[in-house]
Amino acid sequence: QVQLVESGGGLVQPGGSLGLSCAASGSIFSISDMRWYRQAPGKQRELVAAITSGSSTNYANSVKGRFTISRDNAKNTVFLQMNSLNPEDTAVYYCYADVKSAINSDDRTYWGQGIQITVSS
C-alpha cells in the first residue's frame, strides 16, 4: 500500500505565494508521473501541473509562469510553488502519483487526501 500526504496549504492574500509538498510512502519501487490537480467548489477537478520521472513538466494555461512543479526522486516527494496567487486559484489541491509496487511490480495510481488553498484578502 502507498500513501500520499500533502502539506503546506492555507490562507494567502492575493498576489502572495504558497508552497505545497506531497510525500509518497509505502511499498514503492519507482514513481513515474507525479501531478497536482485542483477542484474548486462546483467545478470539475482539473490538472494543474505534471512532472515525469525525468523532470519534464507540463502546466495548465491558467498557471503557466506563476506555478512551478518539481520533485525529489530520492524522497518520493513532489512540490508545487505557487506565486502571484489570485482568488481563482482557491480550491482543494490534490497530488497524484503513478507508482510501481516494490512488492509485485504492479502499476497503480494514488491520490492524496487533498489540501485547501484559499486566496482572499
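**Start with the whole chain.** Colour the chain by secondary structure: you will find eleven strands and zero helices. Keep in mind as you look around that this is a predicted model. If you walk along the sequence, the pattern reads β-β-β-β-β-β-β-β-β-β-β. The radius of gyration is 14 Å, close to the 14 Å that the globule rule gives for 121 residues, so the chain is as compact as a globular protein of that length.

**Zoom out and turn the model.** Along the principal axes, the C-alpha atoms fill a box of roughly 50 × 25 × 25 Å. Of the 121 residues, 39% are buried.

**Look at the contacts and charges.** Among contacts with a separation of 6 or more, 56% are between residues 24 or more positions apart. Next, select the charged residues: there are 10 positive and 9 negative charges, and their mean positions are 2 Å apart.

**Select Arg 66.** Look in the loop between strand 6 (57-59) and strand 7 (67-72), where you will find Arg 66. Is Arg 66 buried or exposed? Its relative accessible area is 15%, which is under the 20% cut-off, so Arg 66 counts as buried.

**Move on to Thr 77.** This residue lies in strand 8, which covers residues 77-82. Thr 77 is buried too, with a relative accessible area of 9%. Which residues does Thr 77 touch, once those up to four places away in sequence are set aside? They are Ser 21, Cys 22, Ala 23, Met 34, Ser 70, Arg 71 and Asp 72.

**Try two distances at Thr 77.** First pick the C-alpha atoms of Thr 77 and Ala 24: these residues are 53 residues apart in sequence, yet their C-alpha atoms are 6.1 Å apart in space. Then find the backbone oxygen of Lys 75, which lies 2.8 Å from a polar atom of the Thr 77 side chain.

Terms used. Residues are numbered from 1 along each chain as its sequence is written. This is a predicted model: local features need pLDDT of at least 70, side-chain atom pairs count only at pLDDT 80 or more; totals for chains, interfaces and linings use all residues. Side-chain values use heavy atoms; hydrogens and water are left out. Helices (H or I, at least four residues) and strands (E, at least two) are DSSP runs, numbered from the N terminus. The radius of gyration is taken over C-alpha atoms; the globule rule is 2.2 Å times the number of residues to the power 0.38. Buried means under 20% relative accessible area, exposed over 50%, partly exposed in between (1.4 Å probe, protein chains only). Contact means heavy atoms within 4.5 Å. Lys and Arg count as positive and Asp and Glu as negative; His and the chain ends are not counted. The place of a charge is taken as NZ of Lys, CZ of Arg, CG of Asp or CD of Glu. A polar contact is a pair of N or O atoms within 3.5 Å; within protein, one must be able to donate a hydrogen and the other to accept it, and residues adjacent in sequence count only if both atoms are side-chain atoms.
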